[in-house]
Amino acid sequence: MKDSWDTALSDALREDAIKLFEEYGQLAKVKFTRALTSPSFTDGPLAITFSDGSEHTYGAVMYLRWSSDQGPVIRLVESKAKLTPLDQGGDAVKAEMCGAVFASRLKKYFELHSRIQIQRWYHFVDSQTILGAIQRESYGYQTFFANRIGEIQSNTRVQD
């Protein structure tokens, strides 16, 4: 039998839908501070980016970490994610590279549009392959990797 909009949900799917709507009710408790700066910071912030990729998706996120009298204050700045193209055939290394490019673009965008002076940048990737590629020259790679490694190297410092 073909599924249609008029067909009743199965019991398992109905239970999942109910749980999902209950979780939506809990979203009212989630709060994000709009200000990126801490009210009582003691020095400039550290900027931290995380990037990751898999055969299904890739992305990056950026945080600011302020030191204050009450302890560290962490602020979410921005994140970006995309679905991995179907033609990549589940190649996770390409997705890891694209996630690292997103992280470098987050840094570049923040530096262009923010007046906050960053004390130190940290970029985290969980792929040794990508980390090693970023630390080498971009020539000698295929075009896909060479272009992305060059962009990462121009947007960030290898030491970070």
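Is Ser-51 buried or exposed, and what is its relative accessible area? Ser-51 is buried, with a relative accessible area of 7%, where buried means under 20%, exposed over 50% and partly exposed in between, computed with a 1.4 Å probe on protein chains only. The views below come from a predicted model, in which local features need pLDDT of at least 70 and side-chain atom pairs count only at pLDDT 80 or more, while totals for chains, interfaces and linings use all residues. Residues are numbered from 1 along each chain as its sequence is written, and side-chain values use heavy atoms, with hydrogens and water left out.

View 1. Leaving aside neighbours within four places in sequence, Ser-51 is in contact (heavy atoms within 4.5 Å) with Gly-59, Ala-60, Gly-99, Ala-100, Ala-103, Phe-124, Val-125 and Asp-126.

**View 2. Gly-53 in strand 1**. Strand 1 covers residues 46-53, and Gly-53 lies in it. Gly-53 is buried, with a relative accessible area of 11%. Not counting residues up to four places away in sequence, Gly-53 touches Tyr-58, Ala-95 and Glu-96. The C-alpha atoms of Gly-53 and Ala-92 are separated by 6.2 Å, although these residues are 39 residues apart along the chain.

**View 3. Ala-60 in strand 2**. Ala-60 is buried at a relative accessible area of 6%, and Ala-60 and Ser-79, which are 19 residues apart in sequence, lie 5.6 Å apart in space, C-alpha to C-alpha. With neighbours within four places in sequence left aside, the contacts of Ala-60 are Phe-50, Ser-51, Glu-78, Ser-79, Lys-80, Gly-99, Phe-102, Ala-103 and Leu-106.

**View 4. The largest nonpolar core**. A nonpolar core is a set of buried Ala, Val, Leu, Ile, Met, Phe, Trp, Tyr and Cys residues joined through side-chain atoms within 4.5 Å. The largest one has 16 residues, and those with the most contacts inside it are Ala-47, Met-62, Leu-64, Phe-110, Ile-116, Ile-118 and Trp-121. Strand 2 (57-68) and helix 2 each supply at least two residues of this core, and the largest share, six residues, comes from helix 2. Not counting residues up to four places away in sequence, Ala-47 touches Met-62, Tyr-63, Leu-64, Ile-118, Arg-120, Trp-121 and Tyr-122. A second, separate core of nine residues includes Met-97, Ala-100, Ile-130 and Ala-133.

**View 5. Packing of helix 2 with helix 4**. Helix 2 (residues 92-113) and helix 4 (residues 143-155) pack at an angle of about 25 degrees, with their axes 9 Å apart; axes are lines fitted to C-alpha atoms, for helices over the stretch in contact, and angles run from 0 to 180 degrees between N-to-C directions. The two helices are therefore roughly parallel to each other, since angles under 35 degrees count as roughly parallel, over 145 as roughly antiparallel, 65 to 115 as roughly perpendicular and the rest as oblique. Residues of helix 2, including Val-93, Met-97 and Val-101, meet residues of helix 4, among them Phe-144, Arg-148 and Ile-152.

**View 6. Glu-151 in helix 4**. At 23% relative accessibility, Glu-151 counts as partly exposed. Not counting residues up to four places away in sequence, Glu-151 touches Val-101, Ser-104 and Arg-105. Glu-151 and Val-101 are 50 residues apart along the chain, and their C-alpha atoms are separated by 7.2 Å.

How values were computed
Helices (H or I, at least four residues) and strands (E, at least two) are DSSP runs, numbered from the N terminus.
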